[in-house]
Amino acid sequence: MITFERSTAAWNGRPEDDVDHVLRGFFQSRMPNPWPAFTPPQALKSPAVIPERTTRATRWQLYNRLLLIAASVALLVGAQFLLPNFMSNSTKEKAPSAAVKADVEGATAGTQDNNKVIKDEILLEEGTTKIYIEVSPGSK
Amino acid sequence: MKSEPPTPVSRHAEFDAVYQRYSREVWALAYARWLNSDTALDIMQETFLRLWKQWEAGEVIVNPRAWLLRVARNLAEDFAKSAFRRNGTHPPQTMNGVKSQAPMPLESLEREEMFAQVREVMDELSQPDREILSLRYALDYDTGEIADILAINATAVHMRLSRARQRLAERLKAQGVAQTP
């Protein structure tokens, strides 16, 4: 048989009954016993000092990254200047080999006219064509 | 006359007095929310920890009791939001069913059986009703004290308490609760 500690006290003028005893037994059996004391947290220590070694390493990493970025930018800028110059030089060297120089003076020996020498010179120069015609003076 | 600032020792003593005075009330309200003793204890300790930090920061709390109960209620609700994260789909109160390996005396077994019935009824009650029951039976508070804590009038306390008791009595009678000699 279950027994509960009876309380002889009345509540609001009403003597307690079995339900009251059951409820009291229920709630009070759930309460921590012994009642825990409050333990204040320890005072916060001074903010953790980051070891100097770690700080130095971190700083060096940052500088490293900045140097890398600067070098990349310099390379890009330099390439912009160097590349066109390289391209133009390459084009000038090709021009002479592409030049067609026709000396009509020798080719037309069979029909040479003592009074007129036609000298054609065609020179290809970067998209332009120049024709030189020389006419001897005194031709009629 | 210039008043001396409170020393750490005096501040600790004052805090301890507040703790001794109100910690059980805070526990009782937290227990009414979750019907779990360990959870209620966690909430109670966290509540006083926050009060401690406020005091350490130099905050002046005019009504510590009201402050404590408000914070405890908020923490109990916050616990609800995190319970699923901690326990998955199993609410904390399912852990109450864990029993020890050691055999219990017959009387203790019957007692726990009955308390399980009480807990089932408590689950069906509203939180305000549970708070009244908790303050009444865990701390033996009278109507006036309960009304003061819950900020309701004494008549409402009496009505709610009667209704909850009636409901419990019917359930216990249906279950054949052993009568005390």
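Pro34(A) sits in the loop between helix H1 (18–30) and helix H2 (52–98) of chain A, where helices (H or I, at least four residues) and strands (E, at least two) are DSSP runs numbered from the N terminus. The peptide bond that joins Asn33(A) to Pro34(A) is cis, with omega about 5°. The model is predicted, with local features needing pLDDT of at least 70 and side-chain atom pairs counting only at pLDDT 80 or more, while totals for chains, interfaces and linings use all residues. Residues are numbered from 1 along each chain as its sequence is written, and chains are lettered from A and ligands numbered from 1 in the order in which they are written.

Most residues other than glycine have a negative phi, and most peptide bonds are trans. In chain B, the following residues other than glycine have a positive phi.

| Residue | Phi | Loop in chain B |
|---|---|---|
| Asp140(B) | about 60° | between helix H5 (127–139) and helix H6 (143–150) |

Leu35(B) counts as buried because it has 20 C-beta neighbours inside 10 Å, whereas Asp140(B), with 14 other C-beta atoms within 10 Å, is partly exposed. Here a residue is buried if 20 or more other C-beta atoms, placed from the backbone, lie within 10 Å of its own, exposed if 12 or fewer, and partly exposed in between.

Between the chains, 22 residues of chain A are in contact with 29 residues of chain B, contact meaning that the C-beta atoms, placed from the backbone, lie within 7 Å. The side of chain A that touches chain B comprises 13 nonpolar, five polar and four charged residues, with Ala, Val, Leu, Ile, Met, Phe, Trp, Tyr, Cys and Pro counted as nonpolar, Asp, Glu, Lys and Arg as charged, and the others, Gly among them, as polar.

Notes:
Two residues are in contact if their C-beta atoms, placed from the backbone, lie within 7 Å.
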